[in-house]
Amino acid sequence: MRNLTLFISTALFTILSTFIIYFLEPDNFESLLNSFYFVMTTFTTVGYGDYSPITMAGKLFSIIMYLVGIGLLGIIIGKIIDVFTIFRRKREEGKMNYTNENHIIIIGWGKKSESAITELLKSNQTVEIVLIDSLPKSPVDVSNNRVHYIQGNSTEEQTFEKANISMAKSVIIFSDDTIQEPSLRDAKTLTVAIVVERLAPAVHTTVEILNEDHISNFSHVNVDEFILSQETISSLAVRSAMYQGVSKVYSQLISRQHGDDLFKVKNKNWTTYKEAFNDLLEKGATLIADGDRLDINRRLEEKIPTDAELYIICDKETYEKIEG
């Protein structure tokens with residue numbers, strides 16, 4: 001209320017000064033626009049000198065403008081700077097609510113979440129990310145408007161409300177690296193998943209767990225996908241030892257920063273998998289899966305169902321041509 005009064009007082013004094021200096025010296029200033037220009041250059045201490053009072057009354061009123069106007073405008077400018085400073089500090093401390101939609105929420109800060117954010121930003125030029133963690137300040141640069149930080153406990157409902165979870169596109173829950181015991185880490189992940197699914201059951205949820213045996217504990221929670229981090233690393237290491245160079249193939253498929261990538265495409269009025277396979281092959285892409293089934297080459301004569309989720313391997317330019 002006090003700031004609003006200050007802004008109104010400054011605006012009224014500026015308008016009043018414009019009219020007074022004009023009526024004191026109408027021939028000198030010629031128009032209200034010129035007198036307003038003089039008032040503003042005076043308040044801001046610029047003083048170009050192209051307009052200035054020549055009568056005693058005009059000069060005396062200008063002195064009043066110096067004493068009052070410059071002080072008022074200085075306070076206003078200070079208030080504006082304070083607003084931006086407070087806004088930036090709140091963003092850094094994760095105290096600003098996120099109000100946009102169709103964003104991706106990442107829970108937990110660490111090397112994996114840092115890599116995930118980098119990959120998402122490079123893969124999609126429009127996606128916005130909300131990071132949730134308990135750190136006192138944002139671990140990412142707040143000048144990047146596509147990454148928003150929310151400080152809070154990931155097991156509390158209020159934290160997710162600040163992240164606008166009900167309007168999110170998907171949620172990724174990473175295992176808490178600060179907990180040493182794998183069982184306790186998976187237990188916390190389960191707690192977070194319960195909160196997420198209770199607040200936003202329609203939002204796609206991906207969860208990282210350490211022990212495959214713990215998946216059964218998530219049976220009553222509607223988690224969409226699980227990532228077994230330890231198993232994935234071990235499996236990749238074994239295959240790399242058996243088939244040298246295979247890790248580079250994995251890298252291309254899981255990262256859009258290197259080589260050909262994995263993309264999801266819409267059905268272009270194809271009837272059978274064979275029709276889709278041949279059409280895509282001519283365009284430079286390879287159809288490899290429908291959903292989680294990788295046996296397309298053995299189902300070429302089958303009709304494509306209406307709920308099919310077709311995945312291809314190609315470069316970004318080819319994918320854009322296919323979707324365009």
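The model is predicted, so local features need pLDDT of at least 70, side-chain atom pairs count only at pLDDT 80 or more, and totals for chains, interfaces and linings use all residues. Residues are numbered from 1 along each chain as its sequence is written, and side-chain values use heavy atoms, with hydrogens and water left out.

**The whole chain**

Let's start with the overall picture. The protein chain has 11 helices and nine strands. Both are DSSP runs numbered from the N terminus: helices are H or I with at least four residues, strands are E with at least two. Of the 324 residues, 35% are buried. Buried means under 20% relative accessible area, exposed means over 50%, and partly exposed is in between (1.4 Å probe, protein chains only).

The accessible surface comes to about 19500 Å², and 56% of that belongs to carbon and sulfur atoms. Such areas come from the Shrake-Rupley method with a 1.4 Å probe; for residues, only the protein chains shown count as cover. Now for contacts, meaning heavy atoms within 4.5 Å. Take those between residues at least 6 apart in sequence: 59% join residues at least 24 apart.

Asn164 has a positive phi, though it is a residue other than glycine. Asn269 also has a positive phi and is not a glycine. Here they are side by side:

| Residue | Phi | Loop between | Relative accessible area |
|---|---|---|---|
| Asn269 | about 65 degrees | β7 (261-265) and α10 (273-282) | 72% |
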